[in-house]
Amino acid sequence: MSYYSEPLSNLIKELQRLPGIGPKTAQRLAFFIIEGPAANGEKLARAISLAKTEIRFCKQCFNFASDDLCPICLNSKRDGSFICVVEDAKDIFAIEKTHHFNGLYHVLHGTISPIDGIGPEHLKITELIERVKGSPVKEVVIATNPNVEGEQTAMYISKLLKECKVKVSRIASGLPVGGDIEYADEVTLSRALDGRHEI
Amino acid sequence: MTRPESEKRDLRNFKTRGIVLKTFKLGEADKIITLITEAEGKIAAVAKGIRRTKSRFGARLEPFTNLNLIFYKGRNLSTITSADIIKVYDGVTGELDRIDYGYAMLELVDKLSVEGQSDPRIYNMLAKSLDLLSRTDNGKRLVLSTFDIKLLAFSGFLPNINECTGCSSKTGLTDFSFTQGGILCKRCADSDPSSVNINGDTIELMRSLLLTPFKGLKDVKTDTATLGELNNIIDKHISYHLSIRLRVRDFIDRQASKESSKQRI
């Protein structure tokens, strides 16, 4: 038996489908929406519907975009000779926040995962190779996650890119700044030692 | 009789060794880690906060890692409270074909093991096989095939390779039946339309891989065609009797056919 009227229980049910939202949070959000001004609710509904209809993949880098190209690919101040390959569009925002990379991106939309049946053909890898071939790209930086699947994907891409005669690099991995060597695991610590640099 | 409070607390914590089979994202920063353990068999447990950069687990709970673990038994899922590395099979993760073969081992253990049923032999064999796979340059596929046959034997899914499954004849063995789960002689094969031809060398290879310890594998002599037939039959046998598709083996086949079509061009 539902304690709520149908529109309200529908709203709670839909909110609950969002990641990280349980029944209690969904209920709180639903009450916030219906108790607030009608205009706010409409604004939220319009924003969701507009995002769903307007957002598509950038034709060049497969980031989310509202036009054919995303704002990063359209920006003439970005250095087109560097491409940073990421797993997910969310990773672009993490890298952009560092203000340390001024090149372009390429979003794979996943990683190779044999155990889940995901092969290179399910990702935007062919598109990356086509993009690099015959372009002024000097270096491809592979920034997939430093786990087994991310490393496997990086190895696969670098194997394919060898034929394109372009420099392929992998982001460094090691200790997080502010971390403690005492608590670091052996894999991370040995990578940090392998990737040491002269000061 | 009620147990004293201190003993109750101990019952909820348990220690064992285990190898990570697969991981699955849970919520914002957690993961569900599936492991094959020495004392408790297959376990799925939560690793809290592991996806955060400064997580104390770091890279410890990645597939192909052998660990000393402490779990806290929860009502549904257990939680991993401590993980210390025994060995990382980084020889496996450092090369593309080794990763694929390694994943094929992990997937088969995952599919053949049932939570709550412990068999230390499976944990020990997986550790040995991954170690050998990370060191072998020639015969990587042979390591996987040996692992498959030995694991099928431990799990009770090994096909009958000793005699004809129909009439127990020891000679004239020419076919393999997936429905009957073993080899057949010519006469029995005629009455089983689902049977396929099998080479005598392939039957011999199956028998020898079952009995040869991993350290003796370098002395096993075979050729690509025999090993290919063995793999094909074993993969189909697993799919038939477990009613599952082994995704990693499909992946390996897809990659191999892509490579060979590239070479043809």
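**Close-up 1. What lines the second largest pocket: eight nonpolar, five polar and seven charged residues.** Here Ala, Val, Leu, Ile, Met, Phe, Trp, Tyr, Cys and Pro count as nonpolar, Asp, Glu, Lys and Arg as charged, and the others, Gly among them, as polar. This is a predicted model, where local features need pLDDT of at least 70 and side-chain atom pairs pLDDT 80 or more, while totals for chains, interfaces and linings use all residues. Residues count from 1 along each chain as its sequence is written, chains are lettered from A in the order written, and side-chain values use heavy atoms, with hydrogens and water left out.

Close-up 2. Of its 20 lining residues (an atom within 4 Å of a point), D100(B), Y101(B), I252(B), Q255(B) and A256(B) lie nearest its centre. Helix 7 (148-161) of chain A gives two or more residues to the lining, and so do helix 3 (96-112), helix 8 (224-242) and helix 9 (247-264) of chain B; helices are DSSP runs (H or I) of at least four residues. The largest share, six residues, comes from helix 9 of chain B.

**Close-up 3. Cysteines without a disulfide in chain A.** Zero disulfides (cysteine sulfur pairs within 2.5 Å) turn up over all chains. For C58(A), the nearest cysteine sulfur, in C61(A), is 3.7 Å away. C70(A) has its closest cysteine sulfur, also that of C61(A), at 3.6 Å, too far for a bond.

Note on methods: On a 1 Å grid over the protein atoms alone, a cavity is a set of points where a 1.4 Å probe fits but cannot get out, and a pocket is an open set with protein on both sides within 12 Å along at least five of seven lines; lining residues have an atom within 4 Å of a point.
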